[in-house]
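Look at the sequence and the structure together before reading on.

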Protein chains: 2
Amino acid sequence: MANAERIKRIAKRVTERHLAGNKIIVVLSAMGDTTDELIKLTQQITNRPPEREMDMLLATGEQVSIALLAMAVDALGYPVVSLTGPQVGITTDDVHTKAKILNINEARLREELAQNRIIIVAGFQGCNTHNDITTLGRGGSDTTAVAIAAALEADVCEIYTDVDGVYTADPRIIPEAQKLKIISHDEMLELASLGALVLQPRSVEMAKQYGVTIHVRSIFNNNEGTLVQEEKDMEKEKVVSGVAHDLKVAKISLLDVPDRPGIASKLFQSLAAERINVDMIIQSTMRNERNDISFTICRDDLARALTVAEQVRDEVGAGGMAFGQDVAKVSIVGAGMITNPGVAATMFRALAEENINIEMISTSEIKVSCIIKAEEAVKAVQALHRVFELDRL
Amino acid sequence: MANAERIKRIAKRVTERHLAGNKIIVVLSAMGDTTDELIKLTQQITNRPPEREMDMLLATGEQVSIALLAMAVDALGYPVVSLTGPQVGITTDDVHTKAKILNINEARLREELAQNRIIIVAGFQGCNTHNDITTLGRGGSDTTAVAIAAALEADVCEIYTDVDGVYTADPRIIPEAQKLKIISHDEMLELASLGALVLQPRSVEMAKQYGVTIHVRSIFNNNEGTLVQEEKDMEKEKVVSGVAHDLKVAKISLLDVPDRPGIASKLFQSLAAERINVDMIIQSTMRNERNDISFTICRDDLARALTVAEQVRDEVGAGGMAFGQDVAKVSIVGAGMITNPGVAATMFRALAEENINIEMISTSEIKVSCIIKAEEAVKAVQALHRVFELDRL
């Protein structure tokens, strides 16, 4: 019943927007537990379902929800049509369960819009050039929405989440955190990959590539959310837009590594072969022509990464290895940093004044990240939020 | 869990057949309660779901089961691929929820067969020329199977049911009923439409049209079932192949109808406009240029049919109306009847010897049906089974 009520509420909201004169395409995910229930079914049958058949199965989740939403919109008396990913002409590559969108054939969408119909599209899915159903993996529905917005040059792609926008820091630990009115794609990308999981980085990347403006809004209210848009459209109000933190970090160091070409390459290729995403990498030249190489990973990957690192240590004759899982990453993000020297220095000073030791540093043009002790993460975010005056937007 | 076990059992059976050197295409329905559960979901949203969206929704049921069966076959180590109706290239007309198959594009099927893959096809579904998903309605999966068998000129189309073949009469009331080894399409059609619901008439019609041999078998055992095939291939062993009965019958009579052209036409067009299927029709010329017109319908349609009949009675100035719902239809079916005069007479004599009064009679080239009192149906079937020696095949 919860699902049906939710669908009716979405239908009401969609028709209100339609009535206000908007041409609307809704991209929908599977309802609540649908995907988990389908996965449970497979587990009764096999532990290793072929990925092609997994896609065939999981794609039904979105198909059910678009049909039900179309029924709910129809029941309110509005013209509506639901379309699966293949029907929309979303062509993807062949990588089942995490396919990439290659192309969207807009013909059907334009035809239905011309009929003034509200279009309900199944997110997360497409089909490859062999006409096999594919799914897009994590963040797939957001990606579908952005891709369609790009193909049709929509004014805006609204993405509904359980928060009502992007904040200057996590409001659960910084009560004074402010909702940002506008943020650039690049800033959002840094924030997203830094643990502020409002949007999947993948959909933001695509939005950046095609110049799509995303409006991050809440499913629970009608508040204006946060616009994620091209930088050139924006006034830079603040040097730093937000402070992000990520507690799911682990750090591994290879110590006393011979300073020969190819060793870093061997290490990170081996990790990549195991599909372990490496985040920060620091190499420091030591005396006696030997280095330390440190890197961070998601804490869930620690055990697998250690196995790889031990092997590489033995192969290259490193002196030792160390790891820590009691670390966190705190970061400041802001497009204004490029033209404002001294932002990193301000960050380091603020942390020093709180007696927080910085273990690793990594910078890009629009962010600075520090690895610190996990237990000091909250204190660090509070200090940074204060020093960059993010409570006074 | 019951569903998963059932799927695994089907997978095992399919792979055994594959191993024996058969090229196999499996057509699957939705699992157990799936369709009912999807319909329940719609009822929480609207009482009048658009039929197009109903098809979008219901088609997911088969898609789930083909993906799971493909996983189960894969887990046993055999090459397999699942395909939805649209992927198979099953083109239908536009009549959502009860579409008719127009064409099958065999290219994909032949390609997969050439790769020696076991193919699992979603029954009951296709897509129309606008690329919208359609479903085939009642008996849809059987129809899909026969259509594919016809397109690929398969040796045989096996249809698995909860009985292990076609019997000379309903074994629940005639313990001596014999399983038929062979029956013609025409005989099967008569039996199917006479209440022996082993196969849907629709799939048998298509099998007859394209000369497809159907093997009716049980899901519960490996027994040989009944072959339904072209008459020319058959030896006629018996004049009468089976006795069918249908207890869900109602009868309506318009009495004292003026003998003018167009009255029967008005009555039956009005019934057709209400989508009421009329089975037997009898018109008897009376004295004074007035007729009685009697017809039978499915008992479920009685209330609606009476409303129509009352209206026509008043319009045409009929003298009266009568109806009965305590009637049943018993029929004998046999391709051999055409060349054996006197079969009908034998039937009427057998009923008369049991003191069973015949209220209506209808004949075709290969069947004779009688409407009798419902309470005498079992006795009638027993008598007919005996007189035509169907217990001694």
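**From one helix to two chains**

In helix 6 of chain A, the buried residues are A:Gly140, A:Ser141, A:Asp142, A:Thr143, A:Thr144, A:Ala145, A:Val146, A:Ala147, A:Ile148, A:Ala149 and A:Ala151. This is a predicted model. A residue counts as buried here if 20 or more other C-beta atoms lie within 10 Å of its own. By that count eleven of the 13 residues of helix 6 of chain A are buried, and the helix is mostly covered.

The length of this helix can be checked. Just after helix 6 of chain A comes A:Glu153, which has a positive phi of about 50°.

Now take chain A as a whole. Its secondary structure consists of twelve helices and 17 strands. Chain A has a radius of gyration of 23 Å, close to the 21 Å that the globule rule gives for 393 residues, so chain A is as compact as a globular protein of that length. The C-alpha trace of chain A spans about 75 × 55 × 35 Å along its principal axes. Of the 393 residues in chain A, 46% count as buried. Among contacts in chain A between residues at least 6 apart in sequence, 72% join residues that are at least 24 apart.

How is chain A divided into domains? The domain assignment gives domain 1 (2-234) and domain 2 (243-387). The centres of domain 1 and domain 2 of chain A, taken over C-alpha atoms, are separated by 33 Å. In the contact between them, domain 1 of chain A takes part with 15 residues and domain 2 of chain A with 17 residues. On the side of domain 1 of chain A that touches domain 2 of chain A, helix 7 (residues 185-193) gives the most, with four residues. That side of domain 1 of chain A has seven nonpolar, three polar and five charged residues.

The next step is the pair of chains. Between the two, 28 residues of chain A are in contact with 28 residues of chain B. Helix 1 (2-19), helix 2 (34-43) and helix 3 (51-75) of chain A each supply at least two residues of the side that touches chain B. The largest share of this side, 14 residues, comes from helix 3 of chain A. By class, the side of chain A that touches chain B has 17 nonpolar, eight polar and three charged residues. Of the interface residues of chain A, 100% are also interface residues in chain B, so the copies meet through the same surface.

How are the two copies arranged?

B:Tyr78 sits in the loop between helix 3 (51-75) and strand 2 (80-83) of chain B. Leaving aside neighbours within four places in sequence, B:Tyr78 is in contact with B:Thr15, B:His18, B:Val73 and B:Ile118. B:Tyr78 and B:Arg117 are 39 residues apart in sequence, and their C-alpha atoms are 7.8 Å apart in space.

Technical notes:
Residues numbered from 1 in each chain as written. Chains lettered and ligands numbered in written order. Predicted model: local features only at pLDDT ≥ 70, side-chain atom pairs only at ≥ 80, totals over all residues. Buried ≥ 20, exposed ≤ 12 C-beta atoms within 10 Å, placed from the backbone. Contact = placed C-beta atoms within 7 Å. Domains from an automatic or database assignment. Nonpolar A, V, L, I, M, F, W, Y, C, P; charged D, E, K, R; others polar. Rg over C-alpha atoms; globule rule 2.2 N^0.38 Å.
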